[in-house]
Structures are given as C-alpha cells and as structure tokens.
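Have the structure open while you read.

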Amino acid sequence: MKTAIVIGSGLGGLEVALILLRHGYEVTVLEKGRQAGGCLQSFVRDGRRFDTGFHYVGGLGEGEPLRPLFAYFGLMDLPWEPTTEEILIGDKRFRIPRGIDAYVEMLSEQFPTEKNAIQTYGNLLREVGDHIFDAFEKGPSPLMGVSAAQYIENNFRDPLLRQVLSGSTMRLHQDANTLPLYALAQIGGSFIRSAWRLPGGGKAITERLTAQIEALGGVIRTGAAVTGLRLADGKVSEVLVGESETLRPDLVVSDAHPAVTMALLRDSGVIKRIYRERIASLENSPGLFTANILLKDNIFPLPEGELHIHQEDADLWHPDPRRTDSVLVHPYPEGGMLDLLSPMPLPERGEGYEALKRAKLEQCLDLAEKGIPGLRNAIAKVYTSTPRTWHDYTGVPGGSAFGILKDWKSPLTTLLSPRTTAGNLYLTGGSLNLHGMLGVSMTALITAADILGRQIYLEIER
Ligand SMILES: Cc1cc2nc3c(=O)[nH]c(=O)nc-3n(C[C@H](O)[C@H](O)[C@H](O)COP(=O)(O)OP(=O)(O)OC[C@H]3O[C@@H](n4cnc5c(N)ncnc54)[C@H](O)[C@@H]3O)c2cc1C
C-alpha cells in the first residue's frame, strides 16, 4: 500500500487526506497545532465554544456551487442553517436577499437608472457559479485575468452602488488594483445565492472529516510539526517530524502555506531557488482582528444574520487594514455570543501589544454600535486575537487570513499549481487557487486529481 503524509490539518489537508484514503493510500496527517482544523479551530471559554476562522459559507443550496463538493466530503448532513447578510454603509442598510434574481431586483429598485448593468452583472454571477466545475476540465477561468475594479468602474456610475457591489471586503479582503473579476464573481456570487452558518462551527466540520478519515484507517497526529523535508533522486525522501523522527512516505501533500512548505526544504535539489524565492515574495492578504464576545444574557436583540458594517467614507475597493473602516458582526446560531472581525496589519508582540488590541477593540465596538446600539453595555466577556495569533498558530506569513493574493495582472504567477518539481511533493490549501470553504474544497479536488488522475472528478455528483 502506498503511504502518504499530509502536512497540516486545515480543511484542504483533511479533504485531500480523505480522497487519498478512499483511493487506497495509507495516510497520516501531521498537524503542528494541538488541535486539528487550522482555520476551522475553535476554543472554549466559560463553557461556550467560539470559532476562530470559518464563520459561514455561501452556495450550499440546491444546484449551488459548494453543495456537490460538501456532499462529496460528507459534510452536507451537518445541521447547516440558512443565514442572512446585510451591508450597512453609514446610515444606508442593504439586506442581501437570497438568490441572484432577488439580488438583481433589490439593487434595481434602489438604483433604477443602472438596471441594465445590474442585470448584466447578475448574469455574470450566475454564469460563473453555474460553471465553477469547468476549472476541472479547462483550468482557471479567463476572468482571472480581468480587473474587478475596471469592470465595476466601466459599468456602474453611482458611487454608493459601487460600494454595495464590493459586497464585503471581509470575504475578498483585497485591494481593487489586484482583485480578479473571477474572484469577485465566484466568491461574492456564491454568498449571494445563499448564505449558511453551522451550529457547532468549524469544529463540526473538522470532526466530521476526522471521523471519516479515521474510519478508513487514516491517522491524524496533532502536536506533530514537520520540521524539514529532505530531497533525493528528484523527490522528497524524508519528512522530519519534531526533533528526532524521520518518515519516508511515497507521497507528501502540504496544506501549510506554500512559503512555509518551501522553507521546510533542507536541500536545494530539484526545487529551484528561483521558484522558492518567487513563492516567498508573493503578497498575502492582510490578517483579521477578532473579538469573540460573550453577551450578558440571551435576550439582547442580535442581528438575524451576518452584518457587514462600514464607515460612510470608507473606500471599500481600496481597503486600508490600518484603518478600522469595516467590521463583520457574526452572531452565533446558538445565541448569546457574537464575533467582530476587522482587517488589521500584523502587530508585534511585547510592549504595547495589549494596548493595541484594546484600541482596535474599541474601534470595532464604535463601528459595531452603529448596527447594534447598546452592544458595549451588553458585553459580559470579550476575548481578542490578532493576525499575530494566526501567525504564531498556523505559521501563515503575516498572519494573513486568506493567503496569497491573486492578481488579475499576473494570474499565472499568483495562481499556483499543486505540482512541484519534486516528483512526490504536492501543494494544496487556500493559497493556491481561491480561499474560503469553496476555494479550498475546489483546490483539494484539483490536488487529488493531479495525484490520482482526472477520473476522480467524475466522483462529484454535479
Ligand atoms: C479570521 C478568519 C475568518 C474566516 N472566515 C471564513 C468564513 O466565514 N467562510 C469561509 O469560507 N472562509 C473563511 N476564512 C477562510 C478559511 O477559513 C480558509 O480559507 C481555510 O480554512 C483555509 O484552509 P487551509 O486548508 O488552506 O489552511 P489552514 O486552515 O491554514 O491549515 C493549515 C494547517 O497547516 C498546519 N501547519 C503549518 N505548518 C505546519 C508544519 N510545519 N507541520 C505541521 N502542520 C503545519 C497549520 O497549523 C494549520 O493547521 C476565514 C479565515 C480567517 C483567518
């Protein structure tokens, strides 16, 4: 039986592990953290479970893009609940209705002079979402090489409409100078079709994938950091674990950030320095500050669903992580808790770190109060984390939330292939293609197809 090591137990690592097990590999997942899941991890305080990364997904409805992927990974019978999205810009509130037709109708009512352009945009969202699996046969869409900002500027005149169309900088989190139209349409469009949250959060996804992996004989080892990869004869010959363990698998798949994977290589071998340097030089999305909030009681009226609150004068197409212009409010389906998420540059630990966190929290609360008046007084406890926390836990450069940025000007450089020049070393995870539950699940399939052959695409019931 062929043996495989998967480095990292994020969504991508667990999904690839499951596919390899289904195809007869003996798989061990090595996770440096104490918990499996990567950005799906959660933590318990005061008896309540808070999420860290994943909060909600788009496109899980019938006929929508994420559904066949989550069905394939055995995640569809988790207790997904539909949720709603609202955007608050200054005092203007836009409730995103479910479905592209309803979205087009809502925007057309609010901006009647731009009805035709809105309709055309709706068609684009539908086209991209309906053909997401073309990526399996044809590779990346040509829309990866088209600027989202130029499309919006050329087609829409009203500055407020342009702001609303940016959807949520939290999901894309990228300056318009680089954002590809495909990323806007694929990620944004999937949430416009439908948005879903999950009681039990990211842990429920991790547990479901872990159970399937273990049922097939796979092993997930936490507290098992890969500390080096040795190359010989054009492939990875040894995987070094911790201080003293050496493994010699047939296949290695890394779900760690590609720059982290390259830094593990102990010798130059077949992976050229120029390739490693290119990966290390690629820009990453900024990270996120998170405030996990326990409320005093359950009767405080929380928003029904996800609430994206933006300063009135924010430029949502050119977000500046140094400013607290945007905050996402995520109320937990279980009630009594909510999270605030807001972009933030990587802070240094040490003197001033706690004060910086407190200041960022206050800025987030000021903004959140615009959507939920009285929130401050309803807080029982609050736990905060910064991009530094992510940097320390998952090793991701700069504490980036979404990994390597895709640039419409150079899609071929910023989209990474799962294959490396070391014959048995493959990459997966949110930095290769697009991020998030949809992007990572697509990439897991693409990585697995590079290893096992394209026939595995036929296993997805579309
Ligand atoms: C704050 C935040 C909020 C988000 N919210 C959402 C959301 O609501 N919806 C959505 O769809 N997406 C969301 N995302 C994005 C989504 O969570 C990620 O795109 C996805 O989970 C990334 O999965 P991954 O497999 O690529 O990597 P990761 O989850 O980063 O996993 C990589 C794993 O590799 C491990 N690792 C690294 N180096 C080593 C080593 N040397 N040895 C062993 N293990 C190693 C790390 O510890 C980590 O567990 C959010 C992300 C963040 C940060």
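## A helix pair, a ligand and an arginine

Helices H1 and H16 cross in a right-handed way. Keep in mind that this is a predicted model. Two packed helices are described by the angle between their axes and the distance between the axes. Here, the axes come within 9 Å and cross at roughly 35 degrees. The table shows who makes the contact.

| Helix | Residue range | Residues in the contact |
|---|---|---|
| H1 | residues 11-22 | Leu11, Gly12, Glu15, Val16, Ile19 and Leu20 |
| H16 | residues 436-452 | Met437, Val440, Ser441, Thr443, Ala444, Thr447 and Ala448 |

Sorted by class, that H1 and H16 contact has eight nonpolar, four polar and one charged residues.

Both helices turn up again around the ligand: H1, strand S15 (287-295), helix H14 (387-394) and H16 each supply at least two residues of the shell. Which of the 39 residues around the ligand come nearest? They are Gly8, Gly10, Gly12, Gly38 and Gly429.

Now for arginine 266, which sits in the loop between helix H11 (258-264) and helix H12 (273-281). Arginine 266 counts as partly exposed because 13 other C-beta atoms lie within 10 Å. Leaving out residues up to four places away in sequence, arginine 266 touches Gly228, Leu229 and Arg230. Threonine 113 is another story: 153 residues apart along the chain, the C-alpha atoms of threonine 113 and arginine 266 are separated by 60 Å.

Methods
Residues numbered from 1 in each chain as written. Predicted model: local features only at pLDDT ≥ 70, side-chain atom pairs only at ≥ 80, totals over all residues. Helix = DSSP H or I, 4+ residues; strand = E, 2+ residues; numbered from the N terminus. Buried ≥ 20, exposed ≤ 12 C-beta atoms within 10 Å, placed from the backbone. Contact = placed C-beta atoms within 7 Å. Axes fitted to C-alpha atoms, helices over the stretch in contact; angles between N-to-C directions. Left-handed = near helix turned anticlockwise from the far one by under 90°. Nonpolar A, V, L, I, M, F, W, Y, C, P; charged D, E, K, R; others polar. Near = placed C-beta within 6 Å.
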